[in-house]
Amino acid sequence: MRRVMKARRSLAVLLLAGFGAALLPLQVHLSAEAKVANLRQGALNLDLRERIGQMGFLAALSGFRSPLAAFLWIEVHTAWENTEWGRMAGLFDTVTTLQPRSLLYWDMAAWHMAYNASVAVMQDEKQPSEALRIRAQRQYFELGRDLLERGIRNNPDKYQLYLQLGVLLRDKFEDHCGAAEAFMRASEFPDAPPYCRRFAGYEMAKCAGRERESYELLKKLYLEGDKQRLPTLINVLRDMEKKLDIPAPERVENP
Amino acid sequence: MKSLQGTWAIGWNTFTELVRMKVFYFLLIFALLIIGNSAFVAKFSFQEQFQMLKDISLGAMSVFSSILAILATANFLPKDIEDRTIYTILAKPVPRFSYLLGKLAGILLLLALSILLMTGLFLAVLWLREHNVLSETRAQLAGGSAEELAAALKEVTDSTFNTNLFPGIAIIFAKSALLASLTLFLSTFASSGLFAILMAIAIYFIGHLQSTAREFWMAGGDVHWWSRLLASLVALLFPDLQAFNFVDNVIAGVAIPTGLFLQTMALGGIYVAVYFFLAAIVFAGREL
């Protein structure tokens with residue numbers, strides 16, 4: 001009887017390997033389809049293992065990335081309350097590695113770094129050197145930009161991070177050409193709000209060499225109707241008309 | 001027909017036995033976790049609150065259903081043999097196959113009901129939180145334009161419920177069903193429930209790396225022959241549990257294409273059938 005049992009166990013293992021081989025094409029096909037649908041997460045690296053510890057890494061490997069990211073986000077909040085900006089930057093890296101498809105984490109992380117941490121270090125009374133305060137501030141701007149750019153690489157099919165990148169480049173870097181490009185990219189998505197194109201037009205107006213493009217875009221928006229005829233748009237359009245010396249008959253009428 | 005009735009009787013008996021073992025108490029922990037979580041994260045923005053509620057609830061659903069599938073299944077055969085109840089059942093005209101099928105059906109029923117209850121609880125908490133945030137938003141924008149209010153309310157509703165959550169939850173069930181069937185197979189030759197539990201947990205972790213091993217094996221490349229052999233064994237003998245790991249992305253708002261969802265559910269069904277078939281082969285020859 002024992003021999004029969006042993007033979008059955010061996011048969012089961014052989015059949016298991018046979019079924020495994022038969023299922024391989026389906027597994028490969030599903031894996032490829034999941035990758036196309038952006039449903040397959042990137043591989044975890046050893047750097048993450050160092051940051052979240054062995055248990056955390058094991059949990060992440062076992063399919064519990066999202067709860068782990070949520071718990072770390074609570075830690076982020078605690079670090080924020082204690083104004084531990086360096087610790088927050090590290091936690092943001094971990095959370096976004098665990099949940100790279102969550103726009104909220106990228107957006108909030110970039111906002112904290114570029115808007116909160118940068119202001120806090122500029123007002124840091126413990127640092128008497130203004131030059132060093134400015135340097136620290138710029139580093140936090142860069143961290144914010146880096147987070148948004150990495151977020152975009154992980155979510156190229158969503159407009160939100162392009163929009164936030166445009167806002168950051170406009171407000172913190174005064175890089176109007178870069179901001180115009182980011183707003184333009186955001187506006188290309190069908191679900192993007194209509195102000196993305198207006199923002200792109202405003203920034204192009206400040207980008208040397210793109211004034212004509214800005215004028216044409218803003219005029220096109222103006223001709224779309226009342227919804228686009230906002231005071232800022234009309235003012236920028238008028239400025240462009242003057243700057244480009246547009247003949248009077250071609251200029252927009254007074255609304 | 002009689003055999004089917006017998007299977008159903010065993011299945012129902014298995015289900016009621018599990019219910020009597022008070023396994024549903026874990027739902028209390030689940031409830032505490034999600035209700036406690038929503039109270040604790042009240043200081044966060046509403047987008048963060050909803051994100052974390054979904055992260056923790058669906059993560060907990062996945063953990064609890066996997067643990068339940070392994071623990072509930074692993075003890076059945078060894079316990080029935082120890083209590084000698086298996087002899088009473090098999091002395092009647094009940095084929096061993098029907099006995100195993102009944103056990104699996106009872107466990108699958110329990111898993112389905114547990115996931116349904118957890119889903120109900122999760123959706124109720126999500127709805128209540130959404131309702132609160134919507135009321136707050138309406139109060140805050142009372143003097144604003146109707147367009148502004150509509151946009152703000154849309155932002156709230158967009159970040160709470162999305163229909164993609166349902167395929168995600170269905171895939172959690174498929175994964176737990178796979179684990180139940182796998183544990184049943186292990187328990188047919190396991191000498192104790194503990195052995196089956198440990199083996200199932202080990203396979204659970206290896207299964208999440210199966211796709212990595214498979215890709216490594218199939219990519220070829222200049223590696224040691226024994227590395228490729230090891231990778232091929234992992235790829236052939238273990239289930240691909242990463243194939244059922246969509247929850248993280250579903251929470252982030254990524255939609256599961258219908259074709260992919262149906263094929264993943266089918267893969268789950270195939271795994272359940274394969275492990276059950278193997279369990280039946282081993283159990284048919286087992287000395288009782």
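In this predicted model, helices H8 (residues 176-187) and H9 (residues 195-205) of chain A pack against each other at an angle of about 160°, with 8 Å between their axes. Angles over 145 degrees count as roughly antiparallel, so that's the label H8(A) and H9(A) get. Their crossing is left-handed.

**Where H8 and H9 touch**
- H8(A) brings A:His176, A:Ala179, A:Ala180, A:Phe183, A:Met184, A:Ala186 and A:Ser187 to the contact.
- From H9(A) come A:Cys196, A:Arg197, A:Phe199, A:Ala200, A:Glu203 and A:Met204.
- Sort the residues of this contact by type and you get 9 nonpolar, 2 polar and 2 charged.
- A handy thing to know here: an α-helix has 3.6 residues a turn, so residues three or four places apart point the same way.

**How H9 is tucked in**
- H9(A) is largely enclosed by the rest of the structure, because 10 of its 11 residues are buried.
- Among those buried residues are A:Arg197, A:Arg198 and A:Glu203, along with A:Phe199, A:Tyr202 and A:Met204.
- The cover over the buried residues of H9(A) includes H8 plus helices H7 (160-173), H10 (211-223) and H11 (231-243) of chain A.

**Where chain A meets chain B**
- On this interface, 39 residues of chain A are in contact with 46 residues of chain B.
- Two helices of chain A, H1 (2-36) and H3 (65-81), are the elements giving two or more residues to the side that touches chain B.
- H1(A) gives the most to that side, with 19 residues.
- By type, the chain A side splits into 23 nonpolar, 11 polar and 5 charged residues.

Definitions and conventions: Residues are numbered from 1 along each chain as its sequence is written. Chains are lettered from A and ligands numbered from 1 in the order in which they are written. This is a predicted model: local features need pLDDT of at least 70, side-chain atom pairs count only at pLDDT 80 or more; totals for chains, interfaces and linings use all residues. Axes are lines fitted to C-alpha atoms, for helices over the stretch in contact, and angles run from 0 to 180 degrees between N-to-C directions. Helices (H or I, at least four residues) and strands (E, at least two) are DSSP runs, numbered from the N terminus. Angles under 35 degrees count as roughly parallel, over 145 as roughly antiparallel, 65 to 115 as roughly perpendicular and the rest as oblique. A crossing is left-handed if the near helix is turned anticlockwise from the far one by less than a right angle, and right-handed if clockwise. Two residues are in contact if their C-beta atoms, placed from the backbone, lie within 7 Å. Ala, Val, Leu, Ile, Met, Phe, Trp, Tyr, Cys and Pro count as nonpolar, Asp, Glu, Lys and Arg as charged, and the others, Gly among them, as polar. A residue is buried if 20 or more other C-beta atoms lie within 10 Å of its own, exposed if 12 or fewer, and partly exposed in between; C-beta atoms are placed from the backbone.
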